[in-house]
Amino acid sequence: MRKGLAGQRLVAVFLAGMLLLNYPILSLFDGPERLFGLPLLHVYLFSVWLGLIVAVAWIAERGAR
Amino acid sequence: MLPGWLIIGASFAYLLLLFAVAYFGDRRADEGRSIIANPWVFSLSLAVYCTAWTYFGSVGRAASGGTWFLPTYLGPTLGLALAWLVVLKMIRIARSHRITSIADFVASRYGKSHLLGGLVTVIAVVGIVPYIALQLKAISSGYALLIGEHDSLFRVESQAGWWQDGTLYIALTLAAFTVLFGTRHLDTTERHEGMVAAIAFESVVKLAAFLAVGIYVTYWLYDGFGDLYARAMAAPELANVLAFDGVGRLGYGGWFAHVLLAMLSIIFLPRQFQIAVVENVNEQHLRRATWAFPAYLLLINIFVIPIAIGGLLHFGRGTVDPDTFVLTLPMAHDNAALALFVFIGGLSAATGMVIVEAIALSTMVCNDLVMPMLLHSRRLNLAGERDLTGLLLGIRRGAIVGLLLLGYLYFRLAGEAYALVSIGLISFAAVAQFAPAVIGGMYWRGGTREGALAGLLSGFVVWGYTLMLPSFAKSGWLDPGFLEQGLFGLAWLKPEQLFGLAGWDNITHALFWSLLANIGAYVLVSLARVPTGAEATQGALFVDVFRRGESPPASFWRSGAEVRDLVPVVARFLGQRRTEDAFGAYARTHGLRDVSELKADPELVHFAESLLAGAIGSASARVMVSTVVQEEPLGLGEVMDILDEASQVRAYSHKLEEKSRALEAATAELRAANEQLKELDRLKDDFMSSVTHELRTPLTSIRAFSEMMAEDPDIDVEDRQRFLGIIVSETVRLTRLVNQVLDMAKIESGHAEWHNTDIDMRELVQHSVDATMQLFRDRGAEVAVHMPASVPLLRADHDRLLQVMLNLLSNAAKFVPTGAGRVEVTLSCDDARVRVDVRDNGPGIPPEQQPVVFQKFRQGGDERSRPQGTGLGLPISRQIVEHFGGRLWLESVPGEGATFSFELPLASAAAVQ
């Protein structure tokens with residue numbers, strides 16, 4: 001798994017996370033809009049966070065398949 | 001309001017429970033039934049990352065800056081996505097070199113340098129001790145709040161004398177716990193199962209406590225997330241909690257810096273290194289931790305914003321310190337039991353951090369600071385036989401107690417000072433300085449000891465100048481003037497706006513400059529010279545740790561050592577029994593019965609060194625082993641071998657490719673040869689059937705006429721003469737056929753004899769025409785001969801060439817029409833070759849037949865009109881001509897006759913001698 005597909009996928013998740021959780025993408029969600037009565041920014045941050053965890057879990061638990 | 005005895009009682013009860021868990025963990029480990037050999041426990045123990053600073057401080061940060069508490073947790077989430085690449089490599093390296101601390105990691109990588117290990121230790125201690133103090137402060141102020149030593153705004157009013165201070169006793173209890181479970185014995189792996197079990201347990205407690213208060217605030221005091229947010233939106237002073245609030249304060253650059261900082265600290269904080277690398281039981285556990293630990297972080301942060309909003313709504317801004325909301329909110333609603341539980345949760349967050357950090361730091365202080373000093377001071381009699389395990393344990397225990405007392409002292413001195421309150425991120429920035437040397441060391445072979453020293457030192461100095469000193473100044477311990485005017489009044493030296501770089505918060509600013517100085521110095525100084533032998537060796541071992549597998553690394557000890565010298569050296573630091581066990585196990589894995597059979601080969605010396613490295617650090621281990629074994633001076637060749645391993649591997653694979661290509665080519669050749677053999681086999685069969693067929697025809701007629709004459713004696717003389725004539729001619733034909741077959745076989749196999757002489761082609765052509773003149777006359781054909789006045793002499797076999805000419809001429813005679821035949825023989829020559837054309841006016845040969853006539857037993861013409869002949873003349877002629885380097889070919893247009901030509905080179909014909 002070290003150099004295999006899973007490793008590359010994890011790097012991809014890392015890069016995607018860096019992108020999604022930083023300027024400029026992050027700034028797109030810093031507005032007055034509300035989602036389910038919650039600030040869009042908070043919903044966005046926590047959903048991306050959860051998404052990253054799920055993605056990493058999927059990759060790590062699948063192993064080298 | 002809770003009575004002090006209850007809180008203290010509960011706290012100590014909790015610590016006792018911790019002792020029990022740790023004791024249970026250690027006992028199970030001794031029995032070989034580890035309870036921490038489990039990916040979930042490993043993931044939970046990683047949560048030692050969440051300290052009291054985050055437990056209480058997250059809410060405070062959320063209250064003042066909204067989402068700004070998140071980078072501290074998003075960073076680790078991203079960092080762990082890379083853990084399977086980076087941390088796994090660290091685990092593998094640490095295991096194969098028995099590295100037990102981050103200081104040892106750096107020291108070992110750069111040629112087992114005492115100086116580097118010491119520097120890393122100093123940085124770690126300076127950066128972490130205030131952080132320990134912060135934990136003690138959290139416990140202290142939590143306790144003060146709970147017993148009611150506060151005003152209406154929950155500000156702690158009085159501080160008792162140190163002898164009355166419960167915090168001191170907590171610190172001492174923690175020291176006792178750490179000594180008990182962190183330095184129970186000297187172990188070559190330096191793993192502490194009981195301690196890890198306790199840490200995992202603490203992680204559960206703090207998560208449960210934080211979730212409890214979160215649910216209480218969100219669903220008990222308020223009506224869920226929606227309700228809280230709706231109220232927050234109605235309150236204008238809470239707007240900054242809801243928005244990013246980046247423009248005014250730290251900006252997106254600061255956000256990125258905080259994410260990066262947290263990402264680095266999840267790997268480089270001494271306690272994280274201790275848990276993730278040193279205490280790791282099985283590297284596969286890392287796989288689950290890469291997501292389970294971030295999931296833990298997500299879980300513990302879900303209620304941070306609701307608690308912040310709830311606290312701000314209840315108390316209003318600028319009254320109660322938001323850092324205390326988790327405690328003060330339950331207290332303000334008279335829920336003392338919950339407050340106590342939350343306090344215990346905070347206690348667990350603080351104690352977990354303190355325990356692991358103390359173990360990690362004490363290992364560093366002992367192995368990389370005190371041991372080298374002892375080794376250098378010569379007061380420790382290196383050659384002595386004294387058992388030093390007690391001394392070693394004593395140093396560690398002393399270091400633990402010392403560190404905790406130092407932390408307590410700092411807490412007492414600093415109090416509410418800025419230097420303590422803001423230490424969390426400052427401490428992160430200090431350990432981030434390890435990143436270039438460690439990561440560079442794992443992926444770049446070129447890093448040198450001086451490079452790492454320069455990088456660490458300059459990063460540390462810049463960190464101290466831009467973060468530590470300003471925090472002292474803000475605490476009032478230094479003249480704050482230099483913050484405003486810069487050092488010596490030089491504006492470009494303003495610590496928080498170095499070189500005039502303004503607009504960033506102090507953490508981002510310091511991180512930028514310190515990492516810039518660190519990486520810059522590391523790379524530039526490293527590039528100043530070629531790594532030495534020791535650096536190159538360690539560099540290759542670290543960088544290629546995955547490639548090497550489990551085989552022992554190349555050894556650089558001279559094999560002149562004696563086992564009886566080696567064992568005592570190890571035993572002095574590990575104890576007699578452990579040493580004997582270890583060497584005994586080593587002997588068994590090498591198929592020997594006991595230690596006495598061991599030979600002190602380089603591999604054994606390496607084994608002894610790594611055993612020692614686990615106990616006293618790699619640099620000191622090298623020094624100790626070198627007292628009984630001489631170090632092999634590294635030859636240039638060996639260093640090149642190590643460095644060039646990658647290129648060797650490439651070369652091997654290249655060779656392999658070449659081999660496989662060669663094999664493919666050989667296979668193709670074999671296949672072609674096989675085809676050829678099959679073809680030859682088929683030709684041989686054809687040949688055999690042709691030969692037998694050709695032999696049978698004359699034999700049949702000879703036999704028929706002989707029988708006729710034998711059976712009928714009354715045949716008249718005339719007939720008898722005729723029959724005998726036929727028999728004679730058939731016999732001649734038979735003889736010729738057999739001769740030709742033998743001839744052909746000889747030429748083809750290269751056994752023919754060649755009698756070369758100088759030949760005048762004019763004479764040869766004329767001779768052949770004269771010899772065949774009777775044939776032409778019989779068929780009423782004319783022969784015309786065209787020859788130049790002279791041709792150069794040719795060196796070849798006269799009889800063979802005559803055979804070729806006779807064959808061509810007799811063929812022509814066979815095919816010319818009876819009575820009107822005309823054959824032209826032309827001899828010509830130029831500088832290089834002699835050419836002969838024999839042209840007839842026969843029926844010609846159709847194009848599809850042309851190649852066939854040169855094959856054995858394949859005569860031209862159709863079956864009926866085929867004249868007498870063996871079918872071997874043309875193939876033999878062609879063989880002869882080709883033998884002399886010439887060629888024989890045919891040009892023909894059906895109906896207009898055929899021209900057989902051959903040419904012979906003058907030079908090469910002469911050369912065939």
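1. Before anything else, a word on exposure: a residue counts as buried under 20% relative accessible area, as exposed over 50%, and as partly exposed in between. Val401(B) has 30% relative accessibility, so it falls into the partly exposed class. Keep in mind throughout that we're looking at a predicted model.

2. Staying with Val401(B) for a moment: this residue sits in helix α18 of chain B. Together with Tyr169(B), Leu172(B) and Leu405(B), Val401(B) makes a nonpolar surface patch of about 300 Å². Two helices of chain B, α8 (166-182) and α18 (389-414), are the elements that give two or more residues to that patch.

3. Chain A has 65 residues, and 43% of them count as buried. Its secondary structure comes to three helices and two strands, arranged along the sequence as α-α-β-β-α. If you take the contacts in chain A with a separation of 6 or more, 58% of them come from residues 24 or more positions apart. As for its surface, chain A exposes about 3300 Å², with carbon and sulfur atoms supplying 71% of that.

4. On to where the two chains meet. In residue terms, 35 residues of chain B are in contact with 31 residues of chain A.

5. What about polar links across that interface? The rule finds six residue pairs in polar contact between chain B and chain A, both partners at pLDDT 80 or more. It also finds one salt bridge across the interface. Arg288(B) and Glu61(A) meet through their side chains in a salt bridge, at 3.1 Å from N to O. On the chain B side, the elements that each supply at least two residues to the face touching chain A are α4 (71-81), α5 (83-97), α10 (224-234), α11 (239-242), α12 (251-268) and α14 (285-301). Which of these gives the most? That's α14(B), with nine residues.

6. Have a look at helix α13 of chain B too, residues 270-278. This helix is mostly covered, with nine of its nine residues buried.

7. Another glutamine to click on is Gln135(B), in helix α7 (residues 114-147) of chain B. Is Gln135(B) buried or exposed? Its relative accessible area is 0%, so Gln135(B) is buried. Setting aside neighbours within four places in sequence, Gln135(B) is in contact with Thr51(B), Ala52(B) and Trp53(B), and also with Ala349(B), Ala350(B), Met353(B) and Val354(B).

8. Salt bridges in general: the structure holds 22 of them over all chains. Two to start with, both within chain B. The side chains of Arg33(B) and Glu31(B) meet at 3.0 Å, N to O. Arg33(B) is partly exposed at 48% relative accessibility, and Glu31(B) is partly exposed at 43%. Then there's Asp685(B) with Lys684(B), where the closest N and O atoms are 4.0 Å apart. That distance still counts, because the cut-off is within 4 Å. Asp685(B) comes out partly exposed at 42%, and Lys684(B) is partly exposed with 45%.

9. The pair Glu782(B) and Arg822(B) forms a salt bridge through the side chains, at 3.0 Å from N to O. Glu782(B) belongs to strand β2 (residues 782-786) of chain B and Arg822(B) to strand β4 (residues 822-829), so this pair ties together parts that are 40 residues apart in sequence. Arg822(B) counts as partly exposed, at 35% relative accessibility.

10. Asp830(B), Arg833(B), Arg887(B) and Glu903(B) are joined into one network by salt bridges that share partners.

Conventions:
Residues are numbered from 1 along each chain as its sequence is written. Chains are lettered from A and ligands numbered from 1 in the order in which they are written. This is a predicted model: local features need pLDDT of at least 70, side-chain atom pairs count only at pLDDT 80 or more; totals for chains, interfaces and linings use all residues. Side-chain values use heavy atoms; hydrogens and water are left out. Patches are made of residues with over 30% relative accessible area and no salt bridge: like charges are joined within 9 Å, nonpolar side chains (Val, Leu, Ile, Met, Phe, Trp, Tyr) within 5 Å. Accessible areas come from the Shrake-Rupley method with a 1.4 Å probe; for residues, only the protein chains shown count as cover. Helices (H or I, at least four residues) and strands (E, at least two) are DSSP runs, numbered from the N terminus. Buried means under 20% relative accessible area, exposed over 50%, partly exposed in between (1.4 Å probe, protein chains only). Contact means heavy atoms within 4.5 Å. A polar contact is a pair of N or O atoms within 3.5 Å; within protein, one must be able to donate a hydrogen and the other to accept it, and residues adjacent in sequence count only if both atoms are side-chain atoms.
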